[in-house]
Amino acid sequence: MTNLKRELIQIVEIDIERCSLTYASAPCTAVLGTSGVRKCYNCFANCQDTDNFTTSTETLRFAMNNDGLPRDERIYPALAAPVTTNPSMINLGGVSDKTGPLGKRARVTVRLQDFQNSDIWFDRYQSERVDGTAQTDEGGYDPGKRGTFFAKLRRRFPYYVGRSLRVLEGEVGQALSAMRTRNYVISEWKGPDAAGDVTIVAKDLLDLADNKKALAPETSTGKIADDIAENDLAVFDLEPAGVGADYPASGRASIGSEVVSFTRSVDTITLTARALDGTTDAAHNSGDLFQEAFRVEGVAIADAVYDLLVNYAGIDASFITLADWQLEGERWLAGFDLTATITKPTGVTSLIGEISQLGVMFWWDDINQKILMRANRPLEVGETAPSLSDSSTFIEKTIQNEDLHEERLSRVLLWHGQLDASKSATDGNNFRRVSVAIDSEAESADEYNQVQTKETFNRWLGDGSDSIADAVAGRLRNRYRDTPQQITFTYDVKDDANVTLGSPVEITSRVLTDDTGNALATQMQVTSVEETIPGNRLRATAQSYQFAQRYGFITENSRSDYAASTDDEKTKGTYIVDEGTLVFGDGTGPYLMF
């Protein structure tokens with residue numbers, strides 16, 4: 001019998017932006033010898049007519065020097081080693097202090113070996129470099145004997161940060177379009193060094209929202225041209241001339257520590273209200289900064305985060321299925337509308353992290369190329385979690401079980417109703433309300449005999465909303481009331497579709513048992529996925545998903561009582577149980593309102 005062994009290959013793709021025009025051909029107005037001494041390389045850094053630069057995307061591909069690479073593709077055999085991955089990790093409920101507000105970003109490291117290259121594939125005027133017609137400062141030369149591929153590429157394309165990088169994994173003979181593809185953006189580039197080593201680091205798409213890269217509101221530069229007295233709905237110009245174009249036609253702004261509302265016509269500002277959002281009316285001097293504020297009022301969570309990611313972090317809207325986000329919000333976060341004024345430029349990741357504390361998670365799906373959103377909630381009616389087990393999923397002797405004692409919570413304090421938008425968003429003294437959820441039984445001597453508190457501050461609920469804050473605090477306490485368990489396991493790529501980041505799963509294993517020692521099917525949620533052997537094996541981490549209660553949903557009054565209802569109706573509805581026995585006729589317990 002023939003031993004059929006899969007031959008795996010890994011290909012790295014990097015997108016670069018290039019001009020689709022031809023040098024000196026209309027609409028390109030560059031003239032050799034006048035605009036420059038040599039023709040460009042169709043990259044913006046060396047463009048001689050930037051006004052007419054016409055962007056197109058070209059893809060460079062790299063692989064290890066193995067047999068079986070697709071012959072119909074231009075692939076440089078420069079990959080020096082398999083791509084290494086540090087997985088992303090979701091911060092469920094914002095409880096973990098070990099990861100950032102949006103969890104930990106996935107990170108891949110690509111190691112390449114530099115090489116001499118004739119530029120035939122890259123330079124559209126390569127033959128003209130050889131015969132000398134592409135330059136006026138020297139005669140012809142051989143591009144293959146000048147410099148190396150990556151040294152030249154880095155000089156020609158220095159604007160690589162934030163550009164797309166993809167890792168394709170498949171088998172020999174497989175089309176690129178059929179390979180498993182993971183998507184990232186470039187964050188670092190080192191080399192080539194003296195040995196020709198090049199290292200490129202890329203992270204998942206949410207890295208574009210990093211606090212150092214994206215701010216909301218954006219930094220304003222306009223200054224008031226005149227002094228402004230207290231209580232004066234003044235009319236004044238912004239300077240320097242023309243800076244008004246950077247401001248909206250109306251909105252809110254801060255001058256010093258005072259928030260005002262305004263309208264704008266060209267460079268002229270008319271104040272329409274003073275001392276908003278709990279700030280104090282004050283006099284201001286000419287030259288003071290007029291800083292636009294980021295303002296949301298009665299906006300759904302999905303829409304607010306979409307605005308931050310697309311309009312402030314610059315993430316392409318095609319990576320977000322807003323309609324799915326809105327459906328998730330309408331179903332599980334109904335009434336969770338946001339009202340807040342952010343007076344100073346603040347990192348987008350931090351702002352979304354604050355919003356996430358209201359019981360919602362956002363993460364990057366590197367396979368489906370989407371940013372996903374899920375509320376901190378039980379399974380949807382009819383939703384089933386994939387079943388994973390020792391016998392069918394886990395590679396033998398790879399499963400590990402750990403108790404996350406630091407993440408257990410017995411009480412949650414959620415401060416809300418910010419007093420002054422210009423002051424601290426993390427100091428209880430600047431909030432008017434606090435919602436407290438305590439599980440006294442969990443703190444009792446018979447159980448954990450310990451208080452474990454999570455204190456959060458949230459400025460997104462306007463003057464305060466007890467209904468929202470109480471629900472958020474209660475849900476978070478309920479989920480982390482008992483010590484969360486974390487399972488780490490290795491599995492084959494054949495089960496890849498059943499283990500996706502953020503998804504609920506049902507795990508049956510000998511490391512999770514009932515009192516008798518029988519394996520106990522346990523609901524968990526996947527918090528990280530890492531590929532350990534490209535195209536072959538993966539390792540995942542999952543955390544206990546403590547929503548095993550019986551949840552009720554508001555239904556029509558005309559529905560039959562419990563005994564006369566179908567099983568489907570019982571699953572999708574809510575029924576009142578006898579307050580004395582707390583048991584229905586079939587022996588089941590009461591519903592829990594989510």
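D281 and R274 form a salt bridge (a side-chain nitrogen of Lys or Arg within 4 Å of a carboxyl oxygen of Asp or Glu), with their closest N and O atoms 3.3 Å apart. The model is predicted, so local features need pLDDT of at least 70 and side-chain atom pairs count only at pLDDT 80 or more, while totals for chains, interfaces and linings use all residues. Residues are numbered from 1 along each chain as its sequence is written, and side-chain values use heavy atoms, leaving out hydrogens and water.

**How open the D281 pair is**
- D281 is buried at 17% relative accessibility, and R274 is buried at 11%; buried means under 20% relative accessible area, exposed over 50%, and partly exposed in between, with a 1.4 Å probe and protein chains only.

**Other salt bridges**
- Searching the whole structure gives 38 salt bridges.
- E13 pairs with R61 in a salt bridge, the closest N and O atoms being 2.7 Å apart.
- E13 sits in strand β1 (residues 8-19) and R61 in strand β2 (residues 55-63), so this pair ties together parts 48 residues apart in sequence; strands (E, at least two residues) and helices (H or I, at least four) are DSSP runs, numbered from the N terminus.
- E13 is buried, with a relative accessible area of 6%, and R61 is buried too, with 18%.
- E17 forms a salt bridge with R163, with the closest N and O atoms 3.1 Å apart.
- E17 is in strand β1 and R163 in the loop between α2 (149-156) and β6 (164-171), 146 residues apart.
- E17 is partly exposed at 31% relative accessibility, as is R163 with 24%.
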